[in-house]
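Biologist: Hi! Could you walk me through the rings in this one?
Modeller: Happy to, let's bring it up.
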Amino acid sequence: MQDSRRGFLSSCATAAAAAAVTPYFFSKAHTLADETKSATDRVALGLIGAGSIAQANIGVAKDWIDVVAIADVDAGRAAKSNERYSQGKAAVYDDYRKILERKDVDVIHVATPDHWHTKPVVEAMLAGKDVYCEKPLTLTIDEGKLIRRIQQETGRIVQVGTQQRSTFPLFVTAMALVAEGRLGRIKRVQAAIGAAPSSPSIPVASVPGELNWDRWLGPAPAAEYRFFQGPAVVDKEGKEKRPQPNTNCHYEFRWWYEYSGGKLTDWGAHHVDIATWALLLNGQTAGPLSIGGTSKHPVAFKDGLPVERDRYNTATEFLFTVDFPGGTQMVIRNDTDNGILIEGEKGTIFVNRGKLTGGPVEALKDDPLPEGAVAKVYKNLPIEENERKAHWANFLYCAKNRLEPISDVHSHMKMLNICHLAGISARLGRSLKWDAAAEQIVGDEQANSMLGRPYRAGYEIEMG
Ligand SMILES: NC(=O)c1ccc[n+]([C@@H]2O[C@H](COP(=O)([O-])OP(=O)(O)OC[C@H]3O[C@@H](n4cnc5c(N)ncnc54)[C@H](O)[C@@H]3O)[C@@H](O)[C@H]2O)c1
């Protein structure tokens, strides 16, 4: 069983490879790295937000970029990153706007928490910079409208960090199977994305000396800094381990609606993205029409806002159904195997970061995808042979050649709107009807008021 599955996967890999743009995929001598910039003509990158994902991203992009400037509101993190990425030679700021002023910075990487994405992305585009911004691109639906407009007006290249779109052979092969009609008309897609943790009451704590808490909050409502870390525990091997702290700051911001959307946007941005991509490739370009379901939160909500402010508040359980014209449905849930199940009239596939399975995948052994099928879903852009580096290579290639990258802001917002609507529906505890063309919730003034959020005074977007 094991062997035969490995066989299917390697046949997928072969199919993906065969269908890719061969000079880039196969030839070591001519990889996308060479295409992007030569060793003497490297890309100068300004990093905004030097946290955990930035570390991973700089690691995969380092063949092509030099980190020349770093901004973080936590001076300790900025200094550490400077040593790690730039041997201490980068300019370090606590105000990212200083990076945007610099003429020697080619591209910007935004890796701040979600509530701090839209403002630097818009200001970077207006300053003439191309941007790689982490997912989810926005905290609200209205922010997405603004980013799309400014991107169109400035023509800047913006890649969103939904790297599953560049993951071969699994996700992109799955999309090629859909695009080639191997599943027939899709009836239902299901994105299983796990659930947020809950927390105990987290005490107000003194702000660490290196952290500018007011600036970390930025456009979000004023709030006190909270932090608690339990005592170290000794594991089976006798090693002391410190538990993950509970806080409303670094990393854990994801579990607070004030700064994020919980799992609905954190993992929704990955798996709802693939589910929506499948629908688009299957011709389902209109909609959605409505969203409804059930959810549980660790705190009570009133008028869409958490009543208790001392603990994580995003949904810990949820099951949403999204209806599209023609009867197609998307299901977003927390309780089944992490991944995307795509059910078509002719066959069903399941894909996640570790496997691609189902009848249409097995059928590839006898009937491989036609040449060019994978490249077509990848917008006929060259494919970097190193899967881990492919998303960054795609961004740098598109920036150099002025092309729309694989995770463009327009298709990203089409799917992120669904995640944000699920969040609004969860917080209000009712179903919503959606006018996708007008990007308005139908007949629900209170829900419509949650499409955006006012920016805290002093942190408004600077439109130049
Ligand atoms: N693509 C992926 O698979 C993936 C994985 C993890 C995280 N992410 C996304 O990356 C983003 C960051 O997540 P993380 O886990 O690295 O968080 P993190 O808390 O570890 O890092 C964020 C950093 O941004 C800094 N920051 C906050 N406000 C700032 C500002 N105004 N200017 C400069 N720096 C500021 C913080 O001090 C912190 O160092 C999130 O949006 C998250 O969803 C994506």
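Biologist: Which charge lies over the face of Y251?
Modeller: That is R254, at 3.8 Å from the ring centre. A charge counts as over a ring if NZ of Lys or CZ of Arg is within 6 Å of the ring centre and within 35 degrees of the ring normal. This is a predicted model, where local features need pLDDT of at least 70 and side-chain atom pairs count only at pLDDT 80 or more, while totals for chains, interfaces and linings use all residues. Residues are numbered from 1 along each chain as its sequence is written, and side-chain values use heavy atoms, leaving out hydrogens and water.
Biologist: And what lies over the face of W277?
Modeller: R165 does, at 5.7 Å from the ring centre.
Biologist: New topic: how many aromatic pairs are there in the whole structure?
Modeller: The search finds 12. Rings of Phe, Tyr and Trp (its six-membered ring) pair if their centres lie within 6.5 Å; planes under 30 degrees apart are stacked, over 60 edge-to-face, and the rest tilted.
Biologist: Why is the pair W213 and W216 stacked?
Modeller: Their planes are at 15 degrees, with centres 5.1 Å apart, so the pair counts as stacked.
Biologist: Buried or exposed, those two?
Modeller: Both W213 and W216 are buried (under 20% relative accessible area with a 1.4 Å probe, protein chains only).
Biologist: What about W392 and F395?
Modeller: Their centres are 5.8 Å apart and their planes at 85 degrees, so that pair is edge-to-face. Both W392 and F395 are buried.
Biologist: Which rings are linked into a cluster?
Modeller: Ring pairs join W213, W216, Y225, F227, F253 and Y259.

Notes. Buried means under 20% relative accessible area, exposed over 50%, partly exposed in between (1.4 Å probe, protein chains only).
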